[in-house]
There are 2 protein chains.
Amino acid sequence: MTTATRVPRGEARARLIAAARDLVRRKGFAATSVDDLCAAAGVTKGAFFHHFASKEALGVALVDDWTEMTGAMFAAHPYNAKEDPLDRVFAYLDLRREFLGRPLPEFSCVAGTTVQESYETSPAIRAAAERSIRSGFDHVLPHLAEALAAHPVPGVTAESLAQQFQVATQGGIILAKALNDPAPARAAFDHLERYLRLLFDRPAATG
Amino acid sequence: MTTATRVPRGEARARLIAAARDLVRRKGFAATSVDDLCAAAGVTKGAFFHHFASKEALGVALVDDWTEMTGAMFAAHPYNAKEDPLDRVFAYLDLRREFLGRPLPEFSCVAGTTVQESYETSPAIRAAAERSIRSGFDHVLPHLAEALAAHPVPGVTAESLAQQFQVATQGGIILAKALNDPAPARAAFDHLERYLRLLFDRPAATG
DNA sequence: TTGATTGCATACCGATTGGTATGTAAGGTT
DNA sequence: AACCTTACATACCAATCGGTATGCAATCAA
């Protein structure tokens with residue numbers, strides 16, 4: 001009655017991480033209990049503590065998996081193929097805006113959520129979140145560096161600009177959650193694009 | 001030796017909210033237990049549930065108090081006295097950057113932290129966070145509206161621009177937590193200022 | 001075919017959780 | 001002076017928490 005079909009051997013760890021991804025995005029890390037995770041994954045607590053030494057270890061694994069997952073997704077995307085580096089950046093922004101059409105928990109960021117709760121209490125999770133945030137820089141950093149090389153802007157570095165993409169993403173998510181509306185998150189990307197067009201003297205094509 | 005001096009009658013509620021403000025900023029809402037709060041405030045659980053019907057009710061009271069506190073702080077500040085509306089906005093940004101010199105938990109935002117955890121699980125707390133975020137808009141909205149009236153920018157509304165201040169604030173805090181460094185939060189405000197100067201054709205004064 | 005290892009499930013544990021029931025002292029009202 | 005209400009403190013509770021000890025079936029190496 002409980003578990004109609006037993007979870008196949010070898011899948012427990014992946015299912016636990018997938019369950020954590022969903023639950024943590026909805027309720028946060030602290031509010032998600034180990035029992036919650038096991039129930040959602042369809043496994044028992046024995047499986048949990050076989051794969052993870054502690055709940056904190058699951059948190060680290062979750063964030064690292066998140067880093068890898070998002071990294072692979074953006075790396076595989078065709079926006080990287082465009083000729084002009086700024087076009088790649090704008091295409092990346094288009095992609096980010098597309099995500100905002102999905103339900104809120106699905107465009108919420110695992111790293112941003114967990115680091116809010118554990119930046120002081122868990123050095124390991126904070127470090128994992130740092131890796132994740134930094135990996136986000138890399139999705140646009142090379143393109144921005146290339147664009148800046150061709151069109152220098154005094155006082156503006158590629159690193160600092162890349163950070164603004166994460167600022168817009170994370171800040172946009174918080175506003176979307178608070179106002180229960182993805183529109184401000186979309187507006188954050190719109191303003192970032194307008195900022196870049198002004199910096200690089202590249203007005204939007206009309207028509 | 002536990003409570004050397006008894007907390008004076010009438011102060012329990014305020015002390016509980018102050019304790020919650022500190023603990024929630026450090027550990028998040030879910031990870032902060034009622035016992036934690038009572039210990040930090042120097043009162044007993046009887047006092048807690050005398051003033052608050054539940055932990056969730058404390059959360060709502062905390063966020064509402066936060067809204068009022070920050071609102072009063074910014075309203076009282078002399079930046080509001082400047083003649084030019086854009087100068088008021090830039091002075092506001094200076095003020096925000098000043099906060100970033102303090103320890104991380106002290107410039108962390110109560111509303112942003114709590115809404116991450118409870119936007120799905122607690123409608124009451126989410127609504128309180130919405131009030132708080134919206135009240136943040138008001139710190140710059142009239143100045144931006146005035147500036148836009150004198151210098152219209154096609155496709156840009158004062159509301160949308162005001163939102164970007166919260167995006168930069170909240171996003172900057174998350175990056176500061178993840179990288180354990182306030183610099184990206186400061187950079188977020190720097191880029192926002194540069195964006196505004198470009199939009200309003202108001203280059204920074206040199207020398 | 002055996003033995004060891006891996007990948008779980010079952011059952012249990014002490015501590016902590018949010019919350020309650022009750023007592024009591026102070027302050028205001030009449 | 002009697003009374004009531006407010007503002008707490010004390011003591012307790014069932015449920016849930018993260019974690020452990022143990023058992024066992026599947027898989028692999030020899």
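Contact means heavy atoms within 4.5 Å. The views below show a predicted model, in which local features need pLDDT of at least 70, side-chain atom pairs count only at pLDDT 80 or more, and totals for chains, interfaces and linings use all residues. Residues are numbered from 1 along each chain as its sequence is written, chains are lettered from A and ligands numbered from 1 in the order in which they are written, and side-chain values use heavy atoms, with hydrogens and water left out.

**View 1. Helix α5 of chain A and its surroundings.** Helices (H or I, at least four residues) are DSSP runs, as are strands (E, at least two), numbered from the N terminus. Helix α5 of chain A covers residues 85-99; its 15 residues should span 21 Å at 1.5 Å a residue, and the end C-alpha atoms are 22 Å apart, which agrees. The expected span is 1.5 Å times one less than the number of residues. Twelve of the 15 residues in α5(A) are buried, where buried means under 20% relative accessible area, exposed over 50% and partly exposed in between (1.4 Å probe, protein chains only). Among the buried ones are A:L86, A:V89, A:F90, A:L93 and A:F99. The buried residues of α5(A) pack against α4 (55-76), α6 (104-107), α9 (141-150), α10 (158-179) and α11 (183-199) of chain A. At the N-terminal end, A:D84 caps the helix, with a side-chain oxygen 2.8 Å from the backbone nitrogen of A:L86.

**View 2. Close-up of A:A91.** A:A91 is found in helix α5 of chain A and is buried, with a relative accessible area of 13%. Leaving aside residues up to four places away in sequence, A:A91 touches A:Y79 and A:K82. The C-alpha atoms of A:A91 and A:P78 are separated by 9.1 Å, the two residues being 13 apart along the chain.

**View 3. Aromatic pairs.** Rings of Phe, Tyr and Trp (its six-membered ring) pair if their centres lie within 6.5 Å; planes under 30 degrees apart count as stacked, over 60 as edge-to-face and the rest as tilted. The count over all chains is 13 aromatic pairs. A:F74 and A:Y92 form a tilted pair, 5.2 Å centre to centre with 55° between the planes. This pair links helix α4 and helix α5 of chain A, its residues being 18 apart, and both A:F74 and A:Y92 are buried. In chain B, B:Y79 and B:Y92 form a tilted pair at 5.5 Å and 55°. B:Y79 lies in the loop between α4 (55-76) and α5 (85-99) of chain B and B:Y92 in helix α5, so the pair ties together parts 13 residues apart in sequence. Ring pairs also link A:F74, A:Y79, A:Y92, A:F99 and A:F165 into a cluster.

**View 4. Salt bridges.** A salt bridge is a side-chain nitrogen of Lys or Arg within 4 Å of a carboxyl oxygen of Asp or Glu. There are 32 salt bridges over all chains. A:K27 pairs with A:D36 at 3.0 Å between the closest N and O atoms, and A:D36 is partly exposed at 27% relative accessibility. In chain B, B:K27 and B:D36 meet at 2.9 Å, N to O, with B:D36 partly exposed at 28%. A salt-bridge network links A:D94, A:R97, A:D190, A:E193 and A:R197.

**View 5. Close-up of A:R126.** A:R126 sits in helix α8 (residues 123-138) of chain A and is buried at 15% relative accessible area. Its contacts, not counting residues up to four places away in sequence, include A:V115, A:S118 and A:Y119, and from chain B, B:K177 and B:N180.

Conventions
Polar contact = N/O pair within 3.5 Å; in protein donor to acceptor, adjacent residues only side chain to side chain.
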